[in-house]
Amino acid sequence: MLLAVLSGFIFALLVPLLSKFALRAIPSLLSAVPILLFLYFISQLSSIREGQFLLEKISWIPQLGINLSFRLDGLSMLFSLMITGIGALVFVYTSYYLKGHPYLDRFYGYLSMFMASMLGVVLSDNLITLFIFWELTSISSFFLIGFNNEEESSRKSAMVALGITGFGGLVMLAGFVWIGSAAGTYSLTELMTQPEVLTGNSGYVWILVLVFIGAFTKSAQFPFHFWLPGAMKAPTPVSTYLHSATMVKAGVFLLARFTPILGNTPEWNWTLTIVGAITMTYAAIHALFRTDLKSILAFSTISALGILVFLIGLGTEEALLGAGLFILTHALYKAALFLITGIIDHETGSRDVSRIAGLQHKMMPVAVAGYIAALSSAGVPFFLGFLSKEVMYEAVFHLPQAALILTILAVLTKICLLVAGFWAGIKPFTGKITAVSENAKLPSPRLWVPTIILGALSVSFGIFPALIEKSLILPVLSSMMVGPIDSYLALWHGFNWVLLLSVLTLLIGTAIYFSWRPSEVKFEKTLRFESFAPEQIIKGLGRSSQVFAKRWTAFFQNGYLRNYVITILIFLSVLVAYRLFSGVYLYLDWNQISEITPSEIIVVFLMVISIFFVILSKTRTAVIVSLGVIGFANCLFFLYYSAPDLAMTQFSIDTLTVLLFMLVLFKLPPNKTFSSKRIRLRDSFISLVFGALIAILTLEVFEEPTMKEVSEYYADNAYILAKGRNVVNVILVDYRGFDTMVETVVLVIAAIGVFSLMHLNLNPFKKD
Amino acid sequence: MELLLILIIGLLHAGGLYMLLRRSMFKMIIGLILLGNGVNLLIFLLGRLTKGHPPVIDGNAKIFSEIYADPLPQALILTAIVIGFGLQSFAIILIKRVYQVLGTDDLDELNSTDEEI
């Protein structure tokens with residue numbers, strides 16, 4: 001299985017290496033990878049019957065419980081077959097649809113990267129690897145939505161999609177880590193054996209919230225649904241593959257995966273039921289106000305995803321069976337409708353459903369596929385859609401609570417979806433030929449054969465449900481539930497209420513189809529509600545966070561170095577001052593304080609005056625001289641308190657500095673005042689506070705007892721080990737000899753810098 | 001006496017910071033030097049003041065027989081003074097060159113590569 005997952009990535013790497021010539025000459029060859037993978041998964045079908053599963057584990061970071069482990073059970077089998085099967089069709093379709101496109105190789109690279117990541121998501125047994133593959137699908141989706149990268153709207157949609165799904169993914173990761181630390185394992189298989197550890201955990205609600213946000217963003221649930229219509233900027237094969245059949249179902253997959261682990265609690269069931277119900281109704285109604293075929297399909301996809309979340313939320317055996325069945329049904333008919341839309345777009349150059357008609361005279365096979373897909377989506381008997389709709393109605397109708405309102409919502413959704421499906425699959429082909437569809441003709445079989453294949457599957461599964469019942473659908477159910485299964489698929493359940501609902505749906509839907517025409521005007525009428533839509537609210541949040549970030553940066557990083565210094569120092573001062581005043585007791589031990597002699601007083605006096613002179617004087621010479629006085633006063637302090645070496649160094653260095661200043665004095669800028677009085681007052685206040693804090697801190701530290709161990713070691717051993725009597729010198733040239741050597745190097749570097757700066761002529765036109 | 005030294009350390013830090021915040025590059029360097037002096041004095045003070053007993057062992061003894069000033073802060077400060085000098089001299093020459101080439105001493109005129117705010 002590892003190879004199955006990785007082959008897509010390897011292939012994605014190879015695609016750019018295959019020359020463009022090879023791509024054009026043998027385009028169908030590229031489809032070999034998904035086809036082979038599809039056959040591989042078909043060959044594994046027998047091994048997952050009756051609820052068994054295959055497990056494959058390769059250690060990756062076992063210390064953290066992260067392993068490349070894969071689990072193939074009913075649920076992942078259904079998804080794997082969809083990913084590889086529809087993938088194969090999309091690969092074939094693309095080879096003609098994007099024929100001659102300069103970025104075709106890139107496109108195939110992204111597409112196979114996506115396929116591999118999606119397989120990774122559905123096969124992963126480890127939560128962390130699942131997360132990695134999950135984010136990889138978001139990233140490949142980002143590249144594919146922004147595939148027409150010259151268009152600004154494409155790039156924007158790609159950013160929105162990545163923003164929403166990436167955000168959800170990160171939130172989900174937090175949930176996974178929580179699960180890992182609560183249950184002690186990241187393995188899904190192990191989690192399934194002990195669901196009570198999580199459902200009984202005190203953080204259960206938080207885990208749910210985090211995982212739900214991940215699933216809802218990915219599967220475009222209300223209020224995160226709006227990235228999906230935007231994602232329709234991608235080329236149609238991408239919309240087919242990622243944004244209707246597979247990737248957007250990853251969230252549904254996740255919920256189905258976690259049903260045996262986190263499910264069967266009121267929190268789980270009600271949240272999913274409510275969110276799913278809102279999404280399915282909201283999006284289904286929205287679909288009826290669109291005229292762009294892809295928009296209609298986008299909203300009906302959101303609605304279908306809502307139905308899936310809703311069914312998983314109901315959580316009964318019938319509901320879960322309905323979810324499993326509907327995943328397949330929806331993938332088959334929606335992929336077909338998308339591919340057909342692509343063909344229409346390709347042949348007529350328009351996707352406006354109100355202007356396209358009569359195409360069945362031009363392209364009969366496509367029209368047939370369109371009719372099949374539309375009828376399957378409507379749930380007409382003998383199509384797969386009928387089965388899944390029956391099961392869904394059964395599940396809703398037999399609910400112990402709130403059955404009436406939920407049934408009404410489900411029927412309403414199904415009616416709207418029926419109309420949307422008819423618009424996409426029937427309306428463009430019937431009626432009189434319009435101006436737009438005049439020049440259309442039947443395209444290459446590479447475009448329409450995939451739609452026929454999908455239609456054929458819908459019909460054959462619809463007529464012979466036994467084909468998929470035991471091999472595919474019941475294993476899906478068994479991987480979502482614990483305990484025995486007594487469901488079955490049947491075409492005929494007898495005369496009952498559910499059948500009546502089905503008939504009602506068909507009748508009302510068809511009536512609406514004939515009486516309600518798609519038009520721009522109706523779409524424009526919905527625009528006035530846009531400002532309340534979650535899309536605007538979330539985008540507004542995004543914009544205001546950007547504005548906030550801009551202001552924040554402008555305030556703290558405004559390019560003026562001294563403002564950075566002020567910010568840092570104010571922060572530091574406030575922090576230290578708070579600590580000083582809240583928790584530290586100031587005291588003074590007079591025994592430690594030595595007496596003051598007159599000579600010391602004079603030096604202190606000298607120093608204070610010079611400091612004020614340095615700051616306030618207007619002439620450079622005076623400033624430099626006062627600076628020299630400060631240095632020499634320092635020197636005297638060192639001398640008084642037994643540091644002759646320091647005094648000597650300070651003396652010579654200070655002399656040198658003053659000399660250096662004097663040497664370049666006339667080339668130095670004049671001592672000007674730039675700032676206003678207000679700024680100077682502010683700075684002096686900050687400086688005084690800082691100085692006072694340093695003084696208090698010094699006093700504090702001074703009062704603490706000192707540790708003299710190191711000093712004593714140096715002093716005691718100076719002569720014995722190093723044969724030197726001046727301990728300071730011994731420390732510098734012996735104990736810390738290397739430091740001193742490196743220090744010398746620093747000085748040499750500074751000297752080289754000084755020398756070269758003096759001789760460097762930056763402006764060749766101006767000799768100095 | 002220590003209290004007076006603490007006062008001076010505070011003044012040197014305050015004055016150094018104030019000069020560092022000026023727009024003139026010349027004043028900025030003065031600020032750096034003041035801060036350096038202040039820090040040196042601070043380290044020195046924390047080694048405690050000892051009068052008349054430099055950390056030098058008597059001519060014929062092998063170890064100290066009476067009290068001595070702490071040699072460790074002194075060694076640290078010595079390094080700091082020398083390195084500080086390297087920094088100061090480089091900075092002095094640098095502003096001299098900057099002034100020659102650009103004809104300004106105002107730091108605010110030197111940040112034009114930054115984006116407009």
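## Backbone exceptions

In this predicted model, A:P223 sits in the loop that joins α10 (204-218) to α11 (227-231) of chain A. The peptide bond leading from A:F222 into A:P223 is cis, with omega near 5°. Most peptide bonds are trans, and most residues other than glycine have a negative phi.

A:S642 has a positive phi, near 60°, and is not a glycine. The residue belongs to the loop between α27 (620-640) and α28 (644-663) of chain A. Because 22 other C-beta atoms lie within 10 Å, A:S642 is buried; the cut-off for this class is 20 or more.

In chain B, B:R48 also has a positive phi without being glycine, here near 70°. B:R48 is found in the loop between α2 and α3 of chain B. With 16 other C-beta atoms within 10 Å, B:R48 counts as partly exposed.

## Contact between the chains

Chain A contributes 89 residues to the contact and chain B contributes 79 residues. On the side of chain B that touches chain A, α1 (2-20), α2 (25-46) and α3 (71-102) of chain B each provide at least two residues. The largest share, 24 residues, comes from α3(B). By class, this side of chain B consists of 51 nonpolar, 15 polar and 13 charged residues.

## Packing of α26(A) with α1(B)

Helix α26 (residues 598-616) of chain A packs with α1(B) at an angle of about 10°, and their axes are 10 Å apart. The two helices, α26(A) and α1(B), are therefore roughly parallel to each other, as angles under 35 degrees fall in that class.

From α26(A), the residues involved are A:V604, A:M607, A:V608, A:I611, A:V614 and A:I615. They meet B:L4, B:I8, B:L11, B:L12, B:G15, B:Y18 and B:M19 of α1(B). The residues of this contact comprise twelve nonpolar, one polar and no charged.

## Annotated regions

For chain A, an unreviewed UniProt entry places the feature "domain: MrpA C-terminal/MbhE" at residues 680-758. In the model, residues 680-758 of chain A are 87% helix and 0% strand, with the end C-alpha atoms 33 Å apart.

For chain B, the UniProt annotation "transmembrane region", from an unreviewed entry, covers residues 6-21, 28-46 and 75-95. Residues 6-21 of chain B are 94% helix and 0% strand, and their end C-alpha atoms are 23 Å apart. Residues 75-95 of chain B are 100% helix and 0% strand, with 31 Å between the end C-alpha atoms.

Terms used:
Residues are numbered from 1 along each chain as its sequence is written. Chains are lettered from A and ligands numbered from 1 in the order in which they are written. This is a predicted model: local features need pLDDT of at least 70, side-chain atom pairs count only at pLDDT 80 or more; totals for chains, interfaces and linings use all residues. Two residues are in contact if their C-beta atoms, placed from the backbone, lie within 7 Å. Helices (H or I, at least four residues) and strands (E, at least two) are DSSP runs, numbered from the N terminus. Ala, Val, Leu, Ile, Met, Phe, Trp, Tyr, Cys and Pro count as nonpolar, Asp, Glu, Lys and Arg as charged, and the others, Gly among them, as polar. Axes are lines fitted to C-alpha atoms, for helices over the stretch in contact, and angles run from 0 to 180 degrees between N-to-C directions. Angles under 35 degrees count as roughly parallel, over 145 as roughly antiparallel, 65 to 115 as roughly perpendicular and the rest as oblique. UniProt positions are given in the numbering used here, feature names are shortened, and annotations may be inferred rather than shown by experiment. A residue is buried if 20 or more other C-beta atoms lie within 10 Å of its own, exposed if 12 or fewer, and partly exposed in between; C-beta atoms are placed from the backbone.
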